[in-house]
Amino acid sequence: MDTMATITLDSLRKEFDNGRIVAVDDLSVGVEDGEFITVVGPSGCGKSTTLRMVAGLESPTSGHIRIGDEDVTDQHARKRDVAMVFQNYALYPHKTVMENMAFGLRMSTDLSKEERRERVRETAQMMGIEDLLDDKPDELSGGQKQRVALGRAIVREPDVFLFDEPLSNLDAKLRTTMRTEIQRLQNEFGITSLYVTHDQEEAMTMGDRIVILKDGKLQQVGRPKDVYENPANEFVGGFVGSPSMNFLDVVVERDGDRVVLVADDGSFSYRLSKSFSAALRDATHEDELRIGIRPEDVFTATEGSNLIDSTVGVVEPIGSDNYLHLDIGPDFIARVASDIEPEIDETISITFDESDLHVFHPRTGETLL
Ligand code: ATP
């Protein structure tokens, strides 16, 4: 195994249908050696195409891919020291688990048959699938199949792991178990990994860093906590976190050295501090803005400033907390403690700290503050 298995995507572009579809658009990302990077975004954003280009299953229209110091852009898939794990497992149905796992080794190493079998046995043992070695894939459960697919990738000791939605065919509980399993293996082997998923929670919990794509374009790359706290734009703010960030359209009014944000329908106003007002004035001269506030940053209050009255539509209990659906704006949700249980149609007062406010450009969606 090479010591430095970085992955560098440099202005990567992939067009289909003679340029009518731009699946990946000028994507530049660097993955550090041993890093686990999740790639996430809505359906059609170019996640799989990106991964397939790194694997050598698609060739880029332009741009470069490097693994370590080597430019692999034009290198055949088989020459690349990468192992890919797919959603549908891609096991050979007529081969046993042993044969499936040994097959990749035969392609990529010059071990003897007995050495190959020994290495498969060691890996199978480590993954708790040694009892399955003589079984055929159709005798296995979904979770077992995915363990075998993982084992087949690991036994090759590749420089790079590529995962394409490997857990999406599994039920919720097994998915959580397998997430932990993959993280354990990655910690143990420290193999540089790119992991594609459409599930933002999976991306956030598993990734050392997370790459967010939309329409083939990079929206943001960063540690999950940074992306959550400081989304680069409205799309990322809404995509990361569950339930989604609340968005409200406001008009900017001035009162001396203070800025007051007034709902575009006049239903509430929120007075900013002197320092926040100054920062906002430095950031933008727009007189209409879109603000974002996360459900978990909204709280109920009976006194103080900046109280917003709202009517409760639905109370959705999730055990530890309640989601209150409020009529402040479209799909506005407050996540509050489970002992806060207002009646439907009751009017309650809520507020939030200005430090939890996200401010976006009303047209470009770019984060202003
Ligand atoms: P999903 O989560 O639905 O798999 P994705 O983010 O992985 O989506 P891609 O599969 O990479 O997205 O597809 C990106 C875009 O490229 C889509 O518009 C898709 O229709 C298009 N596309 C992908 N492969 C091809 C192909 N072989 N021929 C034509 N268009 C393609």
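**Entry 1: helix H1**

I looked up the buried residues of H1 and found Lys47, Ser48, Thr49, Thr50, Leu51, Arg52, Met53 and Val54. I took a residue as buried if 20 or more other C-beta atoms lie within 10 Å of its own, as exposed if 12 or fewer do, and as partly exposed in between, with C-beta atoms placed from the backbone. Eight of the nine residues of H1 are buried, so the helix is largely enclosed by the rest of the structure. H1 is followed by Gly56, and the phi of Gly56 is positive, near 90°.

I note that the model is predicted: local features need pLDDT of at least 70, side-chain atom pairs count only at pLDDT 80 or more, and totals for chains, interfaces and linings use all residues. Residues are numbered from 1 along each chain as its sequence is written.

**Entry 2: the ligand shell**

I then asked which element gives the most to the shell around the ligand. It is H1, with three residues. Of the 13 residues around the ligand, I recorded Phe16, Ala23, Ser43, Ser48 and Thr49 as those that come nearest; a residue is near if its C-beta atom, placed from the backbone, lies within 6 Å of the molecule. Strand S2 (21-31) and helix H1 (47-55) are the elements that give two or more residues to this shell. Helices (H or I, at least four residues) and strands (E, at least two) are DSSP runs, numbered from the N terminus.

By residue class, I found four nonpolar, seven polar and two charged residues in the shell. Ala, Val, Leu, Ile, Met, Phe, Trp, Tyr, Cys and Pro count as nonpolar, Asp, Glu, Lys and Arg as charged, and the others, Gly among them, as polar.

**Entry 3: helix H3**

I turned to H3 (residues 113-126), which has 14 residues. From first C-alpha to last, H3 reaches 20 Å, close to the 20 Å expected at 1.5 Å a residue; the expected span is 1.5 Å times one less than the number of residues. Val120, Thr123 and Ala124 are buried in H3. Seen down the axis, the buried residues of H3 fall within an arc of 100°, so they line one face of the helix. The arc is that of the directions from the helix axis to the C-beta atoms. On the face turned away from the buried side of H3, I found the exposed residues Glu114, Glu115, Glu118 and Glu122. Just after H3, Gly128 takes a positive phi of about 70°.

**Entry 4: Pro224**

Pro224 lies in helix H7 (residues 224-229). I counted Pro224 as partly exposed because it has 18 C-beta neighbours inside 10 Å. Leaving aside its neighbours within four places in sequence, Pro224 is in contact with Met204, Gly207 and Ile210; contact requires C-beta atoms, placed from the backbone, within 7 Å. I also compared Pro224 with Val312: they are 88 residues apart in sequence and 32 Å apart in space, C-alpha to C-alpha.

**Entry 5: domains and the whole chain**

An automatic or database domain assignment supplies the bounds, and the chain is divided into domain 1 (7-239) and domain 2 (246-360). Their C-alpha centres lie 40 Å apart. The contact takes four residues from domain 1 and five residues from domain 2.

For the chain, I noted nine helices and 20 strands. The C-alpha trace spans about 80 × 45 × 35 Å along its principal axes. Of the 369 residues in the chain, 36% are buried.

Terms used:
Contact = placed C-beta atoms within 7 Å.
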